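Take a look at the model below. We will go through its aromatic rings and then follow one of them into its surroundings.

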Amino acid sequence: MKLILAIVQDKDANLLSSEFIDANVRATKLSTTGGFLKSGNTTFIIGIDDDRVPEVLQIIKESAQTREQFMTPPVNLDATSDSTMAYPIEVQVGGATVFVLPVDAFHHF
């Protein structure tokens with residue numbers, strides 16, 4: 001058995017949750033925040049048999065897409081006037097960060 005922790009953007013969470021239901025994958029969904037954009041994320045916790053791990057990873061890969069987004073970097077007030085002008089830059093966001101961990105024991109009471 002494996003424990004999968006999948007962190008996705010909130011924008012992808014509802015689709016991913018629906019895909020898990022369709023595939024009969026039980027997942028616990030937590031609201032989390034993080035990343036350098038400090039944006040809303042959702043973390044899914046999934047306990048799954050070893051042979052279903054590739055299936056779950058494929059569902060995550062297809063549901064959590066990367067996208068381009070503009071952000072304005074923070075202004076440095078200690079710098080000269082030319083460098084205090086903050087211009088939006090394009091960054092890649094989305095996708096998923098996934099950890100697959102071994103499970104030593106599993107109990108369901």
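The model is a predicted one. Counting ring pairs with centres within 6.5 Å, the structure has one aromatic pair. The partners are F20 and F44. Their ring centres lie 5.4 Å apart, and their planes meet at 80 degrees. Planes over 60 degrees apart count as edge-to-face, so the pair of F20 and F44 is edge-to-face.

Where do F20 and F44 lie? F20 belongs to helix α1, while F44 sits in strand β3, which runs over residues 39–48. The pair therefore ties together parts that are 24 residues apart in sequence.

Next comes burial. The cut-off for a buried residue is under 20% relative accessible area. F20 has 2%, so F20 is buried. F44 has 1%, so F44 is buried as well.

Helix α1 covers residues 10–22, which makes 13 residues. At 1.5 Å a residue, α1 should span 18 Å.

Which residues of α1 are buried? They are D12, A13, L16 and F20. These residues cover an arc of only 110 degrees around the axis, so they fall on the same side of α1. The other side of α1 has exposed residues: K11, N14, I21 and D22.

What follows α1? N24 does, and its phi is positive, near 60 degrees.

Conventions
Residues numbered from 1 in each chain as written. Predicted model: local features only at pLDDT ≥ 70, side-chain atom pairs only at ≥ 80, totals over all residues. Heavy atoms only, no water. Helix = DSSP H or I, 4+ residues; strand = E, 2+ residues; numbered from the N terminus. Expected span 1.5 Å × (residues − 1). Buried < 20%, exposed > 50% of the residue type's maximum accessible area, 1.4 Å probe, protein only. Arc of directions from axis to C-beta. Phe/Tyr/Trp six-rings, centres within 6.5 Å; stacked < 30°, edge-to-face > 60°.
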